Every structure is written in structure tokens, then in C-alpha cells.
Amino acid sequence: MTLPVRLTTKAACRVARLDPQRLNEAIAKGDYSCAPETVKGRARSFDPDDMIGLWYFREFLEDGFSAKRAGERACILME
């Protein structure tokens, strides 16, 4: 059995070609509600499924959607 690869927010954003600050702002405002949960004092980590949502989020942002609309759409696709 192999464990899935998990990436920190910084690494996940590098892979998804997304500004980590922009992602953190979207998460803090509730615009990207399907971000992986985290515990205070621990880094958020993204598994391969989470990366798909992050990629969709970035794609929608690049298509001109607001962070709120991009997050809504990405999270719907991740359901």
C-alpha cells in the first residue's frame, strides 16, 4: 500500500501555477471552501484530488471569474 503524495500550500500552488497569497486570501474569505482542512499550527496539505480542485480554481480565475465565482465552480466540480 502506498500513501498518497501530499503537498504543502506553497508546493501545491507552484504545481498549479497559482499565487499562494491569492489562494490564502480566497480561503480566508471563504471563496475557496473546498480547500483541505487544517489544524491551527499545522500546514495545510493537498492530496492529488485536492490538486484537481486547485487547478480548476486557477483556470476559472484565468478565465476572468472573481475568486468567489471561481471557488464556487471549482468546489462544485469537486463534489
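What follows is a quick chat about disulfides, aromatic pairs, a helix and a loop glycine.

Me: What am I looking at, and how is it numbered?

Reply: It's a predicted model, where local features need pLDDT of at least 70 and side-chain atom pairs count only at pLDDT 80 or more, while totals for chains, interfaces and linings use all residues. Residues are numbered from 1 along each chain as its sequence is written, and side-chain values use heavy atoms, with hydrogens and water left out.

Me: OK, which cysteines does a disulfide join?

Reply: Cys34 and Cys75, with 2.3 Å from S to S. The rule is a pair of cysteine sulfur atoms within 2.5 Å, and by it the count comes to one disulfide. The angle about the S-S bond is -85°, so the link of Cys34 and Cys75 is left-handed.

Me: Where do Cys34 and Cys75 lie?

Reply: Cys34 is in the loop between α2 and β2, and Cys75 is in helix α4 (residues 67-78), so the bond ties together parts 41 residues apart in sequence. Helices (H or I, at least four residues) and strands (E, at least two) are DSSP runs, numbered from the N terminus.

Me: Is Cys75 buried or exposed?

Reply: Buried, at 11% relative accessibility, whereas Cys34 counts as partly exposed at 24%. Buried means under 20% relative accessible area, exposed over 50%, partly exposed in between (1.4 Å probe, protein chains only).

Me: What else is buried in α1?

Reply: In helix α1 (residues 9-16), the buried residues also include Thr9, Ala11, Ala12 and Ala16. Among the elements covering them are α2 (20-29) and α3 (48-62), where contact means heavy atoms within 4.5 Å.

Me: Switching to rings: how many aromatic pairs?

Reply: Four. Rings of Phe, Tyr and Trp (its six-membered ring) pair if their centres lie within 6.5 Å; planes under 30 degrees apart count as stacked, over 60 as edge-to-face and the rest as tilted. One of the pairs is Trp55 and Tyr56, edge-to-face at 5.3 Å centre to centre and 65° between the planes. Another is Phe60 and Phe65, also edge-to-face, at 5.5 Å and 80°.

Me: Which residues form the aromatic cluster?

Reply: Trp55, Tyr56, Phe60 and Phe65 form one cluster. Phe60 is buried at 16%, while Trp55 is partly exposed at 41%.

Me: And where does Gly41 lie?

Reply: In the loop between α2 and β2, exposed at 80% relative accessible area.
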